[in-house]
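Try each task before reading its solution.

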Amino acid sequence: MTAAPSASKTAASEAPSRGARAAAVGGLRRTLLWASGLALLCASVAVAITIGPADIAVGDVWSAVAAHLGWGRARLTPLRDGIVWNLRLPRTLLAAVCGAGLAVCGAVMQSLLRNPLADPFVLGVSSGASTGAVLVVVLGAGGGLLSVSGGAFLGALVSFALVLLLSHTLGGTTDRVVLAGVAAMQLFSALTSFVVMTAADAETTRGIMFWLLGSLSGADWTDVTVGAAALVVALTVCLGHARTLDAFAFGQDAALSLGVSVARTRLVLLCTTALLTAALVSSAGAIGFVGLVLPHAARVLTGPGHTRLLPATALTGAVFLVWVDTLARTVLDPQEVPVGVVTSLIGVPAFVAVLYRAKGTR
Amino acid sequence: MTGSETTDPNSTSSGPTGSETAGSETAGSEGLRADRVGRAAGGTLILDGVSLTPRPGAVTGLLGPNGSGKSTLLRLLAGVLAPDSGVVTLDDRPLPRVSRRAVARRIAVVEQQADTRLALSVHDVVRLGRIPHRRAWAAATAADEEAVRSALARTGLADKTHRPWHSLSGGERQRVQIARALAQEPRELLLDEPTNHLDIQHQLALLTLITELRITSVVALHDLNLAAMYCDRLVVLREGRVVACGSPHDVLTEALIADVYGVRATVTADGPDDRPHIRFLGAAPTP
């Protein structure tokens, strides 16, 4: 960092009035930053919808959306309107919701467990979800009452409960939570493979593979509504704990002596992130990489303070997944690549580049 | 009470020895007190009926060999650990009955060696001290900013606010942690061997800083000469019990040092401000 000039500047600006003015300027800059971030997300969604085999312009997207929201009349043919409103819009919105949600979960887990490798799936949620889904698809568990996403959601919760129980019996420290999560991940992956190997035919296996790697191809408005609701609730809870998360910077004892009820905070935030992850995974499968890596990228942008980090993580995650999913559905057109595959193929080099650039500032 | 009287190991049967500790003349009034606290870990008693009432505004030094229970006592006082027996009170209320936030607004803790892997600046770290004063969602108030600014100024860090934590030396890091503790605006400050890993200049500077704060402080120390130079009161622990307490002059005797540390030493009154000065002569012959 530029130590010398900035240090002398702050020493000079100790007078309260100058400090207040600097704070006001900082506030304005921050508002502008958030506004442009949101604008970027909206533009990304609008543009991403136009990309694909059916030729649609940004203007068509606006008019279709406006017509459905009751402003103005539809200009598009019912077929093209359907493509926008029933296929591409829910899919793109689900991509944004999943990207934001998974990235925020990752940021919270990493701070809470003080482990840079923690991600939303470290609690075993994704592997539990896949086992639940596979049981429904392959073995017909639930006797037709359970949808695939319902099975996935139940599986995720069972797995999370197991992780909580296991980490509690093992002593409840953050390391134990991570270890219990890894154990559950292994267990449920093995169960999934076992069910698939013994009972599924080739066609089902292929369908399940797609789901295990994460895919947004089945997105509908129900998925978007459920996911968005879960995201709003979880984001509110996490932002309400933003300063509490800051207190974990120097570890649990330090957080305790800063007045944080560590056990309660950990339980609340683990449950919140697990429920959000379960909701997202049950509609989009286990999209890897976003939750692990996007928080690190956002930290380079905003620094480690959670009041700024969490919204920034949500925005970067949303924009990232919107574009990655667009690529996933168009690059091998008419074939589709699971979005989880693309996130890693694109994300890893991008991540290395971000970390490499950040290296100089540390 | 005098050191010689309490160094008899047989006289500390259930802890009444320790109950008459530094500043007990203010018993039953405000402040932080440990009353006959005990704590066991893995079947061994780490603390056995220790009482401590830090004298308001003074620096109380905690002495004792490794494993004598200094850190555990500090953790009990901070409310980070709960005692198995006895009680820690804050203004006569048991610590568990006071909310964590309220405790954190009264008592600040500086750990032996705090570290983080986050890219925090000095200012970021000191601002952590305002967490117990701030509500969720609310922005920093003028009082928050002022507390941070004054903490930085009192610790001589005003020109280093934007330095990254990772670029700081050990002495600077401890200074930043003390600034963070001051930003909490505590009335009691607990420090666990804050001079560990510091060179002698920084050890002296740090302890000078602590004595100049005029906050009720309890500080665990290893160096007897530093304790003699900077502490107003001393409490000596051995195997989880208080074996001596009082002024440095009363506590740091040749007999006590031989008994507690197993070391031969001469104690003269020619330290700074006529405080005791200890010269170590070697290990005591094993009886």
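Predicted model: local features only at pLDDT ≥ 70, side-chain atom pairs only at ≥ 80, totals over all residues.

**Exercise 1.** Find which parts of chain A are tied together by the salt bridge of A:Arg91 and A:Glu336.

Solution. 
- Start with the contact. The closest N and O atoms of A:Arg91 and A:Glu336 are 2.9 Å apart.
- A salt bridge needs such atoms within 4 Å, so the pair qualifies.
- Now place the residues. A:Arg91 lies in helix H4, and A:Glu336 lies in the loop between H14 and H15, so the bridge ties together parts 245 residues apart in sequence.

**Exercise 2.** Decide whether A:Arg91 is buried or exposed.

Solution. 
- The relative accessibility of A:Arg91 is 9%.
- Buried means under 20%, so A:Arg91 counts as buried.
- A:Glu336, at 24%, counts as partly exposed.

**Exercise 3.** Classify A:Trp62 by its accessibility.

Solution. 
- Locate A:Trp62 in helix H3 of chain A, residues 58–68.
- Its relative accessibility is 52%.
- Exposed means over 50%, so A:Trp62 counts as exposed.

**Exercise 4.** Describe the lining of the second largest pocket.

Solution. 
- The space in this pocket is about 460 Å³.
- It has 21 lining residues; A:Ser126 and A:Leu212 are among the closest to its centre.
- Sort the lining: 10 residues are nonpolar, 10 polar and 1 charged.
- Find the main contributor. H7(A) gives the largest share, 6 residues.

Methods:
Residues numbered from 1 in each chain as written. Chains lettered and ligands numbered in written order. Heavy atoms only, no water. 1 Å grid on protein atoms, 1.4 Å probe; cavity = no way out; pocket = protein on both sides within 12 Å on 5 of 7 lines; lining within 4 Å. Points joined across faces, edges and corners; volume = space filled by probe spheres on them. Helix = DSSP H or I, 4+ residues; strand = E, 2+ residues; numbered from the N terminus. Nonpolar A, V, L, I, M, F, W, Y, C, P; charged D, E, K, R; others polar. Buried < 20%, exposed > 50% of the residue type's maximum accessible area, 1.4 Å probe, protein only. Salt bridge = Lys/Arg side-chain N within 4 Å of Asp/Glu carboxyl O.
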